[in-house]
Amino acid sequence: APPASVRIVEVGPRDGLQNEKTIIPAATKVELIDRLSQTGLRTIEATSFVSPKWVPQLADAAEVFAAIRRQPGISYPVLVPNEQGYERARAVGASEVAVFSAASEAFNRKNINASIDESIERFGPVLERARADGVRVRGYVSTVLGCPYQGEVPLADVVRVARRMHAAGCYEISLGDTIGIGTPKKAREMLLAVAAEVPMQALAVHFHDTRGQALANVLACLEEGVAVVDSAVSGTGGCPYAKGATGNVASEDVVYMLEGMGIATGIDLDRLIETGLWLSQQLGRETSSKVARASQ
Ligand code: HMG
Ligand code: MG
């Protein structure tokens, strides 16, 4: 049965913006996060301390993170690919980080220039330092329902990567359909396979809406008991190293569905919609949130 309440992990400022071609001013990113902090969200992924050569859009991570007005009760995780990223994040006071690996060998090579085993080894020191520093670590497994380079991703590989991340100390594992290729039955099966090895309370789902399946996939996973959902305000997003990957499921649409089902999120939908419309104006295009469009 679906949970009574769901925590939304807002990934717009990171996953949403990382794929934008035109460089967005740091002040706009800061304003986005500050606006999101007023919506009732409890987790806002703020930015990414990856190599600026690989993701130029987020080269201003330190500037942005240092400038946001962090609110009590909200965590602001940041993506880090290695120890260098961890140090940059800590230097500006980040107290939660996220590490990531694909379940697909081919994708990992393109995204972070490393094999699965190498990438897991690489964040070993990050996890050790985080434990010593009292920093919480979230883990992402990407390409859980398919890979743009190798096609099918065996479920056993998804389970293995998720289990290793959890065993290494990640408090939560987010399962990402990076290229939005999955359908509800596959999403459900994937979640259940992982949940046999990692407790459901430690799992989150992360769907991209490339083929219009994201909300259906979220619903299928909610029915199996997942209670944490990643989404991006205004439906922005995509991974620069996943060809054809488009937006994350829109936070507004997820919140609308959840509230409609009587599942509490603690989020003020009107404020969220307002923030998403403001962002789409900044980006110079229409919002990808159906709920936001309907409100206009
Ligand atoms: P590399 O080129 O193999 O590594 O990149 P390197 O160690 O040889 O470093 C190359 C240069 O980058 C060096 O500088 C380093 O100092 C620098 P140089 O000596 O050439 O001047 N460097 C850094 N600079 C700043 N911060 C750092 C850092 N690390 C190295 N942290 C690396 C390897 C992992 C760094 C690179 O491949 C990378 O940054 N990749 C990130 C790609 C990325 O961000 N992809 C999108 C995120 S994943 C995603 O979106 C999926 C998700 O949303 C879930 C889903 O949808 O499924 C999470
Ligand atoms: Mg993503």
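**A guided look at helices, sheet and ligand shell**

Guide: Welcome! In this predicted model, the axes of helix α2 (residues 26-36) and helix α12 (residues 269-283) come within 10 Å and cross at roughly 170°.

Visitor: Why are α2 and α12 called roughly antiparallel?

Guide: Angles over 145 degrees count as roughly antiparallel. The axes of α2 and α12 cross at roughly 170°, so the two helices are roughly antiparallel to each other.

Visitor: What makes the contact between α2 and α12?

Guide: On α2 the residues are Thr-28, Leu-32, Arg-35 and Leu-36, and on α12 they are Thr-275, Trp-278, Leu-279 and Gln-282. By class, this contact has four nonpolar, three polar and one charged residues.

Visitor: Now to another pair. Why is α4 called roughly parallel to α7?

Guide: The axes of α4 (residues 83-91) and α7 (residues 124-133) come within 9 Å and cross at roughly 30°. Angles under 35 degrees count as roughly parallel, and that makes α4 roughly parallel to α7. As for handedness, α4 passes α7 in a right-handed crossing.

Visitor: Which residues make that contact of α4 and α7?

Guide: Glu-83, Tyr-86 and Arg-90 come from α4, while Pro-125, Val-126, Arg-129 and Asp-133 come from α7. They divide into three nonpolar, no polar and four charged.

Visitor: What makes β2 and β3 the edges of the sheet?

Guide: The sheet is open, with nine strands in the order β2-β1-β9-β8-β7-β6-β5-β4-β3 and parallel pairing. β2 (43-44) and β3 (47-48) each have a single partner strand, so one side of each is left without a neighbour in the sheet.

Visitor: How do you know that β4 and β5 pair?

Guide: Two strands pair if there are at least two bridges between them. Strand β4 (residues 78-79) and strand β5 (residues 96-102) are joined over two bridges, in the parallel sense. The bridge partner of Leu-79 in β5 is Ala-98.

Visitor: Which residues come nearest to ligand 1?

Guide: There are 27 residues around ligand 1, and Val-50, Gly-85, Ser-142, Gly-176 and Thr-178 come nearest. Elements giving two or more residues to this shell are α4, α5 (105-112) and β6 (136-142). The largest share, three residues, comes from α4.

Visitor: How do the residues of the shell around ligand 1 divide by class?

Guide: They divide into eleven nonpolar, 13 polar and three charged. Gly counts as polar, so Gly-85 and Gly-176, both among the residues that come nearest, belong to the polar class.

Definitions and conventions:
Residues are numbered from 1 along each chain as its sequence is written. Chains are lettered from A and ligands numbered from 1 in the order in which they are written. This is a predicted model: local features need pLDDT of at least 70, side-chain atom pairs count only at pLDDT 80 or more; totals for chains, interfaces and linings use all residues. Axes are lines fitted to C-alpha atoms, for helices over the stretch in contact, and angles run from 0 to 180 degrees between N-to-C directions. Helices (H or I, at least four residues) and strands (E, at least two) are DSSP runs, numbered from the N terminus. Angles under 35 degrees count as roughly parallel, over 145 as roughly antiparallel, 65 to 115 as roughly perpendicular and the rest as oblique. A crossing is left-handed if the near helix is turned anticlockwise from the far one by less than a right angle, and right-handed if clockwise. Two residues are in contact if their C-beta atoms, placed from the backbone, lie within 7 Å. A residue is near a molecule or strand if its C-beta atom, placed from the backbone, lies within 6 Å of it.
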